[in-house]
Structures are given as structure tokens and as C-alpha cells.
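Here is a walk through one protein model, strand by strand and helix by helix. Have the viewer open as you read, and pick out each element as it comes up.

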Amino acid sequence: EEVCVVGIFGKTALQLCSEKEALVSTVCDRQVFPLFQQEDPELADGAPGQEGEPAAKDYNQLQAYYSQESRVLYLVLTSICDTPQLLRACGDLAAAESREAGPGHPSGGPAPLPHAEAHEFWKHQEKLHCLSLLYLFSVCHILLLVHPTCSFDITYDRVFRALDGLRQKVLPSLKAAIKDCPVGKEWKLNCRPCPPRLLFLFQLNGALKVDPLPGRGQDPCGHLEKPPPKKHSPKRRLQHALEDQIYRIFRKSRVLTNQSINCLFTVPANQAFVYIVAGGAQDGDDPVAMLLDQLRSNCTMRETDSLLAPTLSGPRRYQMMRHGRQQLSFHAESSSSSSSSSGQLVDCTLKEFLWQHVELVLSKKGFDDSVGRNPQPSHFELPTYQKWVAAALKLYEVTIEGKDDDPTSLTGELSSKIMGSIKVLEGYLDIDTKFSENRCQKALPMAHSAYQSNLPHNYTMTVHKNQLAQALRVYSQHARGPAFHKYAMQLNEDCYKFWSNGHQLCEERSLTDQHCVHKFHLLPKAGEKPEADRNPPVLYHNSRARSTGACNCGRKQAPRDDPFDIKAANYDFYQLLEEKCCGKLEHINFPIFQPSTPDPAPARDESSPAPLEGEIEKLKEKEPQTQGESTGLSLALSLGQSTGSLGTYPPDAQGGGDNAESHGQSGDSKSEKRPSLVDRQASTVEYLPGMLHSNCPKGLLPKFSSWSLVKLGPAKAYNFHTGLDQQGFIPGTNYLMPWDIVIRTRTEDEGDLDTNSWPAPNKAVPGKRSAVVMGRGRRRDDIARAFVGFEYEDARGRRFMCSGPDKVMKVMGGGPKESAIKALNSDMPLYILSSTQGRGLKPHYAQFMRLFVVVPDAPLQITLTPQVQPGPPPCPVFYPEKQEITLPSDGLWVLRFPYAYVTERGPCFPPKESQQLMSYKVLRGILKAITQ
């Protein structure tokens, strides 16, 4: 049989049943589709392998019904424009949000999708809906557009223009899909049986009010002069107005042209193509009252009904059930609102309206909808059911079903081409994104200008992030819409490319917290010369900051570059001056790493390496024997295993053992228990990459020492009245403070007296001449005078001594009168404000660099135990590789402290303006005197 294909699509109101399905039931005069649709499991679960993601689903569904009596095939498209599918899509979207948020979301509920993602989801569904519409426009003779209101939706103009553009784009693919189908030549050429005729169905929904007839007891003549009845009913006049409006809109937008063969669809020139369906209760009754009236009318049995009740079946039973069903969206009893007696034309029914177009198809006359002077006849073909199914199935596989097919097959290849052409729809459908992209593109140059404003030629990552934040603020003030995030990412990438393309400053910071001034560069390898012309250049780090520093002994000053590594800061600079000044002086060397393999590695973990044989003897040969020390104690001290000198820090964190006794209780070091071999063993395979401190692993030594201990000369080399004769000292600050140490021989009957404690002023001392006031009648050999000086040095080479915490020494002449006891019993600051500040607002700090000690030629032992904490806790405590050093008598000794303090995790930077200087300190107890 030859069939006429009628496609139905459009939007529906917020009702339980589908209006489009009820429309087919009304035209066919029988219940075609069930009132309550069952959810399609494939649609609910999503495409296979996509885990039911809402963006991967196609919520468009085609339902078909063939009326054999009338030879009409109905295709009903249910899409996201219908209430059931819209609810299902919203539910899937909410489920996806819940999965992304997870059970531990802080708000307790699902996190909403970002604006751009939600917008992309709905626009993608709109594109899939357009693909389904393209299929309908390719296989149908007549199309019914259903709309739930009585006003034309102007967005259809945009949709039809998008469909027309998409059809022209994918026409070659559609031709290839049906080239072997048993249809006519014109169908294969145009990929449709004819240019389909589009009809419009609108619903009143109570918008059009009709005055009711006068009831009983009312005077029909009581009204004022009534206007004469018009020729057409209000519904017919509304229909004509909508036809004129729709035709004018589509002609303006060139969706409709003179030649119908080139159009996406046609509308008849001399026939009605708009039909208005009466809606629900037009009087605006209460819905509950309306339902009660319907129930009453359905339950009332009339005489004619009782006679026919036993034999009711089929369409007649549907008509009986439909009696009084005003709640359905469409019903055929539309002629009751007007009568021929009122002088108006009788309105046709819905079936009569549709059948005048269907008969043109079934009679093979076709649609001659071209207008103009030279109208071209359009092709028309009325296929048989089998031919139509063959062509429609191929198009369905390519346009709708084949989106997920294998791309290597013919169907998959054509489907991929069609899906690739779907981007044509974006310019028509996604107006929000188009506007948003135009808006964001205009905001990008302003954001770029904000990023590049007040920028130096080369700058660091911090400056880049600050400027990028400013650019994003400017961008967010002007950019709007779903493309906001996309162009924000592009702005981020553009700014990063601008920064990395020749404007990137070296991120390395010196040990004094100064940035390298070079742009991004590589460091020269061993034996390689710097090359500034390479890309990237090969250069050494340089902050352009120079300072003046003195050598190990302090006698010679020289300029120095800002160091970027610990070796340049604490070793290389002083080794260069060592050759010119201090090379011939007596040194006490600190133990360093002695490799036993050609390629030693830096230590990476805190596990102590296994002890190796023969290293004890090597260290014994390299360790200088100082006066008053035994071999066992010297070895223990050289390996950094002694304790009792790190204050409140736990012994395990100091790199020391648990078996050493306090050194301040007895001068007999031979009675101490020697450490075990495991504790005393230092690694010869792994070295310490930084400096020795309280948190570093046990048994590791650095490759070089950051400390230096030099003897300037004998004790008489220092003149108490003139002070030190060295460069850079501020006048009046180059004096050492006196330190009087009591020297006496104790007998057995004398009470125990702690040699580390000092007698209080004016207190008698038991022993010789105990009745005499202290300091008056004692002999000179009872007191030995040592001298101590705490030297600070700033970046300009200005040096000065401090007589106490935050107290700069100032001697007018004759030497200082203040004793060193107060300074020795206090924590001295590692940094102090320089005595002469510059003109700038930034303060200049002086760093504690040297400790001068004059050891007299007397029977005593002065032990040096330096400990430095270069920062607030949990900063570790730094100390030399030899924690306790016994200074030989009769000498002027200088202990040079490190210029920078570095751990395995990085440097300890000098203090900022807002930090407390007293957190950076040299711990008390740096010197101890033990009488022999």
C-alpha cells in the first residue's frame, strides 16, 4: 500500500499525558497510545559503555502508528521539549551532580554543576533534537507542529534556519546512505519524498474568552446594543492572524522562498495551515468542580447508552469514554462553540483540517506551494510501505542510531561526518554562547593590558601570579555567560606564554634572600664557560648585590658577591683570602667527609650507614692533638658524638651518644667512657649536603667546614689599651672585654666548690686569706685575665663589638671597663641593627661573624662550644663538626662563624622587618673555663 507519512513534533504543556499522543488518538478516533508511558530501559541506562552519563544520553524518542484504514503513518517525536523527558533529564543531571559531589561533600547535598557545563548539556540535547527533526523532515510528507499556547514561538524561526543549514551540510552523506534504496531518482537526489508541508496546531488554554449565552431568569434583551455578528468566529480570526504572522516571519528570515524545492518545508498558499484547538474549561472554573462535573456526567446513564452498553467495543467505546473529557488537550468537538444560526461560518474539526492535506498526498497530486512569476514544480513521490521503510531505515541508522557505530564501517563513517557537521547548529541555536564568546573576546584585550601594566622586562612567578590575578579581576568585570571559564583559561595560558617567552626571571634566591637578576638560564656544567648568547643562556646566578667581608682572621677585607650556594658563602670566599692573609697562621681544622669511593652520594634518608673498618685510624691520623686532651676524647669530639652542650634539645637529635658525661664537672677527661665503635663511625660513602645541625642524621660529615678557627698570635699580641688593629672597625668598638678567671690550688680539707660557678661580689672565698675582702688582699697569680669579643659585621664592611645583647660597645679610651661575664651568660643575637643606618627605609642588619678569645698563659683550660639557632623554632641548632674545642693557652684565637646557615631542606634566610631578632641567637655557654 502507498502510505502518507505524517510527523508530529513540538512542545507540550506541564501535563501528565502527552498532548501529541492524544492528538493521534483524536484524529484516529481511538486510543492509540497508552495513557501512561513506560520508561525505556535503554534510555534510562544510557548508551552502553557510557555509565548512564546524562550528556551521553539521547532523550529523543520516535513512536510510530500506522492507520491501515486511512493509509496514514503517524510518527510522533517525543523530545526534551516534552514534560516526561524533561523530568527524566533533570533527574539524571541531579544524579550526576550527586556522584561528582560524593558522600563527603561539606554542604551535605549535591554540588550544582558549573554554569558552562550545565549550559553545554542542554545545548547538546538541543542539537540531538535537531538531528531527530532532520530525520522527520527527510521522511515525512506532512509535519504537524504542536504548541501548548495560542502564540507563535519565535525560536522556531532560529531552529528551522539551523535545520536548513544542517541539511545542506549533510546532504552528500544522506545521498550516499540511500543510493541503493528502491526509491525514485528525485528522492535520491533530494533525500526526501517531497518538500514537506508544515502545519501548526495551537491550544487556547483559556486565553480566548467567549461570552456565555444568557441563562434562565436573565433578560436576553437586558444587554446594551450588541454589535452585529461577524462573519468569522473569534477562533477563526485568531487562526487567520497567526497564519499571516507566521508567513511574514518565515518570509522575512528567508526560511520560505518562492521556490519550494529549495526550502526546508512549505506552507500552502490557498489552504489553512494553522488550527486552534480548544483547551480546557474556558470559563476558568475550579479544577475540583470541573472534575466532579465530569465524574457526574460519566456516571449518568442515558437511555440510548443503556441500550448500547452491552455491545460497546472498539472506537465507539473510546467515543463513549471521551464524552465530557474536557481535560484532554485535543478533542474533536470544536464546532459547538459556533452555530450556523448566528451567521458565522462553521469551524472545521481537527480531522477535517488535517485530511484536506492528507488527501492531496494520497491522490498523488502533491503540493504546489511555489509562488512568484516563474514557479518551479517540486518533486513528489508517494512510496509504498516497503519502499518507505527501506529508505527511512537507512536514514535512521545514519542520523540517529549510528552515532555510536564503528567509524570504519560505511554507516559509522557517514554518521561521524554528520556528527562533525553538527557544529553548524552552534551559530543558530547557541545564541547564549555566541554572545558570551563575543563578550569574552572583547574582555580579553583589556585583561591582557591589565596584566602587562607596570611590568618589568623580566619578573618572577610571584609577580606573574599577582598580575594574573589583576587581569582576571578585570576580565571578570566584563566577561559574562557560559564561555567565561573557557576564555579565563585562555587568558591564563596567554599570560603564561607571554611570561615564559623571554620575560621569565630566574626563580633562584640567594642565601641572603635576594633574587637572581638574570632571565631564565642554565647553570654552567663542570668545565663549561658561561655563554650569554645561547637560548636559554648559560650563566651563573647573580643578584647584583655585593657586600664587603673580612677574612677568617679579620685582618683583610674584600668585596664579595651575593652567594647562591653554601660552598661559595662559607668556604670559597674565605679560601681566596686565605692565600693572601691567613694561610700561614695556625689553624685548628674541623673534621670533614673523607670519601672511600670515587663518586660519593649525598645522604637522602636519616638511616645511619653501616660502619666500615679502618676509618678510626684515618681520623686519628688527621685529628690534631690539642693541649689537655686525650686521644679518646679527641676522637669522640671530632666525630661529633659528645653531649651536654646543646641545652634542652634531646641527645638523639644532636648527633651525640648517650654515654658521655658532663664536661663541666671534672677536668679529668681520661675517666670518661669511650663511645662504642658504631656511634663513633662516620660514613665514607655518603656525605652531608648541608651543614651539621641538631636534626641531621648521625655519622655524616659535610665535604667542607663552614667554620674556621685561627690563631692570630700569642696572648700578648692583643693590647688592652688600643684594642684590635684591624680594618673596618667603627672607632671605639674594637676592644675585647676582660674576663677574670679565678686560679687557685684546692686542698683535700677544703669544701667542694663548683669550678664553673663564680663568687658573688663582696663574698669571702674559702682558702687563702678567706677573711680578706675579695680583690683586695689576694695575690696576682690567683686571677687569670682572658679577653672575649663578640664581633658583628654588616654588608658594608662596618664592624663593631657588642658588650651584651643589643648593646654596641663604645669605649672613649683606656679600654673597656665592662666585664664579659654578662655577655657569656646571655644569648647573644645573631643579627643586630647596624650602628649606622643608611638613607633608605629598609633597616641594615649586622651579623655575628667572629668570636675573639685571648687565652692567657695560665693553668686553665678554656673550652669553646658554639651553638647557633638562626631562626625561631623549629629551626635546628647549628654547631661545628667538632662540638667542643679546647683552646691551647697563650693565644689570640678567632672563631669565624658561617656567613649563611643551610639545612638539607634549604637555607635559613636572614630576618625580615617584622620578625623578632631575638629568635635568631647564639646560645649562651659558648665559653667555659676549667682550672687544672
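## A covered strand and its sheet

In this predicted model, strand β5 is mostly covered, with seven of its seven residues buried. Which residues cover the two sides? Arg197, Leu199, Leu201 and Gln203 lie on one face of β5, while Leu198, Phe200 and Phe202 lie on the other, and all of them are buried. In a regular strand, side chains alternate between the two faces of the sheet.

Strand β5 belongs to an open sheet of six strands with mixed pairing, in the order β2-β3-β1-β4-β5-β6. The edges are formed by β2 (61–67) and β6 (274–277), each of which pairs on one side only. On average, neighbouring strands of this sheet are turned by 20 degrees against each other, direction ignored.

On one flank, β5 (residues 197–203) pairs with β4 (residues 142–147) in the parallel sense over six bridges. Here Val146 stands opposite Leu201 in β5, and His147 stands opposite Phe202 in β5. Strand β5 also pairs with β6, again in the parallel sense, over four bridges. In β6, Val277 is the bridge partner of Gln203.

Strand β1 pairs with β3 in the parallel sense, and in β3 the bridge partner of Cys4 is Val72. Strand β1 also pairs with β4 in the parallel sense, where Gly10 stands opposite Val146 in β4.

| Strand pair | Sense | Bridges |
|---|---|---|
| β4 and β5 | parallel | six bridges |
| β5 and β6 | parallel | four bridges |
| β1 and β3 | parallel | five bridges |
| β1 and β4 | parallel | five bridges |

## Helices on the sheet

Which strands does helix α4 lie across? Helix α4 (residues 115–139) lies across β1 (4–10), β2, β3 (72–78) and β4, and runs at about 170 degrees to β3. Helix α11 (residues 350–362) also packs on the sheet, where it touches β1, β3, β4, β5 and β6. The direction of α11 makes about 175 degrees with that of β5.

In soluble globular proteins, nonpolar side chains tend to be buried together. The largest nonpolar core of this model has 92 residues, and those with the most contacts inside it are Phe9, Tyr74, Phe160, Phe200, Phe250 and Phe265. Helix α5 (residues 155–177) gives this core its largest share, 10 residues. What does Phe265 touch, leaving aside its neighbours within four places in sequence? Phe265 is in contact with Phe137, Phe160, Pro196, Leu198, Phe250, Val255 and Leu256. Apart from this core lies another, of 82 residues, among them Phe704, Leu709, Ala823 and Leu887.

Helix α16 (residues 461–478) has 18 residues and reaches 26 Å from its first C-alpha to its last, close to the 26 Å expected at 1.5 Å a residue. In α16, the residues His464, Gln467, Leu468, Ala471, Val474 and Tyr475 are buried. Why do they share a side of α16? They cover an arc of only 120 degrees around the axis, which puts them on the same side of the helix. These buried residues of α16 pack against α15 (431–452) and α17 (484–500). The face turned away from the buried side carries the exposed residues Thr462, Lys465 and Gln477.

## A three-stranded sheet

Another open sheet has three strands, in the order β17-β26-β21, with antiparallel pairing. Its edges are β17 (828–829) and β21 (868–870), each with a single partner strand, so one side of each is left without a neighbour in the sheet. Strand β21 is joined to β26 (residues 920–922) by three bridges, and the two run antiparallel. Within this pair, Gln869 stands opposite Lys921 in β26.

## The whole chain

Zooming out, the protein has 22 helices and 27 strands. Of its 932 residues, 47% count as buried. Among contacts between residues at least 6 apart in sequence, 74% join residues at least 24 apart.

Technical notes. Residues numbered from 1 in each chain as written. Predicted model: local features only at pLDDT ≥ 70, side-chain atom pairs only at ≥ 80, totals over all residues. Heavy atoms only, no water. Expected span 1.5 Å × (residues − 1). Buried < 20%, exposed > 50% of the residue type's maximum accessible area, 1.4 Å probe, protein only. Arc of directions from axis to C-beta. Contact = heavy atoms within 4.5 Å. Core = buried A, V, L, I, M, F, W, Y, C linked by side-chain atoms within 4.5 Å. Pairing = 2+ DSSP bridges. Axes fitted to C-alpha atoms, helices over the stretch in contact; angles between N-to-C directions.
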